[in-house]
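Please open the model in your viewer and keep the selection panel at hand.

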Amino acid sequence: MRRLIRNILLLVVAAVLILAGVLAFNTFTHGSRQLQVASVPRAPVDAQAVAARLAEAIRFRTISSYEQPDQHADALRDMHAHIEKSFPAFHAAARRELVGNFSLLYTWEGSDPKARPIAFLAHQDVVPIAPGTEKDWQQPPFDGVIADGFIWGRGSWDDKGNLYSMLEAAEAMAKAGFRPKRTIYFAFGHDEETAGTAGAKPIAALLASRGVRLDFVIDEGLLITEGIMKGLDKPAALIGVAEKGYVTLVLNAQATPGHSSMPPRDTAIGMMSAALARLEDHRLPMQIRGTVAEMFDTLAPEMSGFNRVVLSNLWLFKPLLLREFEKSGPTEATVRTTTALTIFNAGDKDNVLPGNAEATVNFRLIPGDTQGSVTEHVRRTIANDRISIKPFPGNTDPPPVTPTASPSFQMLNRTIREVYPDVIVAPGLMVAATDSRHYAGITDKIFRFSPVRANSDDLKRFHGTNERLSIEGYADMIRFYRRLIENAAG
């Protein structure tokens, strides 16, 4: 008996040693994937002058609205005039077109007609201020105040910062006599915050009708995050090579209306409440695959401590990692098709049973899921034929994933490392929707990246209160786009 126990203990010790050896081997043979690049001189930028122009742009209240799509028409026209006045050299070098009444398309012709063109995207519109929160802003949201080293206001970050930094870069290069080898399109939609169907979509269709096939598109997207990823000491610049799909479903429960003193067994509100509770209790599964798996694989050798061991050995630690990701909405969103209950309407009097209850549920789809698979999941989960399911206009499947082995990705990776030498670069999944998805028909390489440094406190400002952009960071954004134009079309 003692010999048997001893043999079992020896086997356990041997198994532990073998496991430890495998973990150590995987961890320490997983080498860095970061490109080694030479430093480049920092392009001169008049930080105060560029900040002043962006501050002026913030004062144009280009607020998007589903219900009143033309409510910001005058503000858009005024901003167009400001753009034309602010960037005369670029306007002399490029051809300007108005698409969908308010979207801007610039064509900067390249010297080589055989070179495939590229496109820089941004949007002019902004989201409204949440009612009742105006007093919480340190600076009025549409005053375009410059204070404490920041440009304050709605749109400074999302997305006028990107738009104006692209134009500042192009203006400086046009003044210097630069002419791109390949044609560059600058496409600035006016309704990205309301799905981009009147702006980006018509621009992409117009380019397609002209036979344009783009080498790549770059749009707003993932950021340079600082201090957010546990175990990563350096900032992480994530390039969105994939984007979630967008599906909104409207559920409607039908029942017999009547007096509240004689309620039936099943009411419209009761059926709908049970259905929504089931959807929240039976969410789609978390998964580490595709782009997210590649992101972890790229970040693993840059991690320290146990985090490096975990990411280098997902075959063993995946359940542990998923449990950690499930604790936070932002992290969970990277590994799951999310379910969000957003609107509920039923009843109009306290003693009357409503004849129907309607709810709106929004899903953000990870690549691999589709509109059809999500709709079937909802139908199967609620399991009630008395509840109808209708899709919302503008739903889209996840766009195709951009391959990281492409020369365009490597060029973008190199550009980031040249301008931001302290960062780690990795592919990532964009969890929100962007205008770039409308370009999937004319390019197979879409990058979603905003060259903005952000910490956890900054992320709360996105579509929130006290949106702001540092003047120093804005100057670096201009340097980034200038270097990207040089590398991509120089």
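Two strands are said to pair if DSSP finds at least two bridges between them, and strands (E, at least two residues) and helices (H or I, at least four) are DSSP runs numbered from the N terminus. This is a predicted model, in which local features need pLDDT of at least 70, side-chain atom pairs count only at pLDDT 80 or more, and totals for chains, interfaces and linings use all residues. Residues are numbered from 1 along each chain as its sequence is written, and side-chain values use heavy atoms, with hydrogens and water left out.

Select residues 184–189, strand E6, where six of six residues are buried (under 20% relative accessible area, with a 1.4 Å probe and protein chains only). Ile184, Phe186 and Phe188 lie on one side, and Tyr185, Ala187 and Gly189 on the other.

Next, select Arg453, Ala454, Asp458, Ser470 and Gly473, which of the 17 lining residues are the closest to the centre of the second largest pocket. Strand E16 (446–454) gives the most to this lining, with four residues, while strand E17 (468–470) and helix H15 (471–489) each supply at least two.

Methods. Buried < 20%, exposed > 50% of the residue type's maximum accessible area, 1.4 Å probe, protein only. 1 Å grid on protein atoms, 1.4 Å probe; cavity = no way out; pocket = protein on both sides within 12 Å on 5 of 7 lines; lining within 4 Å.
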